[in-house]
Amino acid sequence: MSTLRTWYTFKLPVRFTATRLISSAHSVSVNNILACAKIPKHFCAESERIQRHSKPGNMAESTESPAVMNGSSASVGPDYCEIIVVRHGETPWNVQGKIQGHLDVELNEVGREQAVSVAERLAKEFKISVIYSSDLKRALETAQTIANRCGGLKVIEDPELRERHLGDLQGLVFREAAKVCPIAYQAFLSGKTDQDIPGGGESLDQLYRRCTSALQRIARKHIGERIVVVTHGGVIRTLYQRACPNKKPEGKVLNTSINIFRLTEKNKWVLKTWGDVSHLNQTGFLKSGFGGDSTSG
């Protein structure tokens, strides 16, 4: 992996608005990865971008945690780091149903609007000390938008926060992958956590070790602080598995969803908030959310 790089961001004029109305785009996202070896109906029949109404994001916690906190202005305790983990905004490949993995795809205009929406919410509701981001463009641009809205915070680029490397499947339209790369496709759907994907792809075990150790490393540097991490769907679902090993994630990991974890220096993880996209009332979002494995549908 490459050396960490630090970015400093400054307030810039806003070139887009978070109130764009979303038409029925009838778009398929790569995030519709399935719960079984066959492509389900909802993937073949294209999913469309929908608008969020008044339903709040999912609130989740581990069995060890206290009651979920609804007030976001609460101070952070001295013995843990609170990490607001955000998935990047929408990309053209999300809409086209193409598998991104480590390929460096930029946000589309909707993704930029989503980034503004989540940034404005975070700036209003939270006091954040620093932002970490995957070094891939779709995450980094989302992070820089958040940093600008939060007073020009520092963005630290970390390649350990990248999406799962999906080998020969990267760049393919998912529903065509079985025909184009049947061996890699079957490896992806195998359900074996130690199964890597031909073409340099990671196994689920490798992904788990990489991203959980990265988040714990980051947390140890910021005990007593609240920070933001911008990353990818497969990483976020893996972080959920670390915090809630006996539960399955509810719903999909949607673009710019907010997921809040608390990590102690002694390696205890607590999940406070899961899948909150209530800031996307006006922007809209794809129904699908990639989770890096065959059960993330």
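1. Helices and strands are named here from DSSP runs, a helix having at least four residues and a strand at least two, numbered from the N terminus. The structure is a predicted model, and in it Asn 267 sits in the loop that joins β7 to β8, the latter spanning residues 269-276. Although Asn 267 is not a glycine, its phi is positive, at about 75°. Most residues other than glycine have a negative phi. With a relative accessible area of 34%, Asn 267 is partly exposed.

2. Thr 256 also has a positive phi, of about 60°, without being a glycine, and its place is in the loop between α8 (233-243) and β7 (258-264). Thr 256 counts as buried because its relative accessibility is 0%, the cut-off for burial being under 20%.

3. Ser 203 lies in the loop between α6 (182-189) and α7 (204-221), and its relative accessibility of 4% means that it counts as buried. Leaving aside residues up to four places away in sequence, Ser 203 touches Arg 164, Thr 193, Asp 194, Gln 195 and Asp 196.

4. Helix α3, residues 109-125, has 17 residues and reaches 25 Å from its first C-alpha to its last, which is close to the 24 Å expected at 1.5 Å a residue. At the start of α3, a side-chain oxygen of Asn 108 comes to within 3.2 Å of the backbone nitrogen of Val 110.

Key: Residues numbered from 1 in each chain as written. Predicted model: local features only at pLDDT ≥ 70, side-chain atom pairs only at ≥ 80, totals over all residues. Heavy atoms only, no water. Buried < 20%, exposed > 50% of the residue type's maximum accessible area, 1.4 Å probe, protein only. Contact = heavy atoms within 4.5 Å. Expected span 1.5 Å × (residues − 1). Polar contact = N/O pair within 3.5 Å; in protein donor to acceptor, adjacent residues only side chain to side chain.
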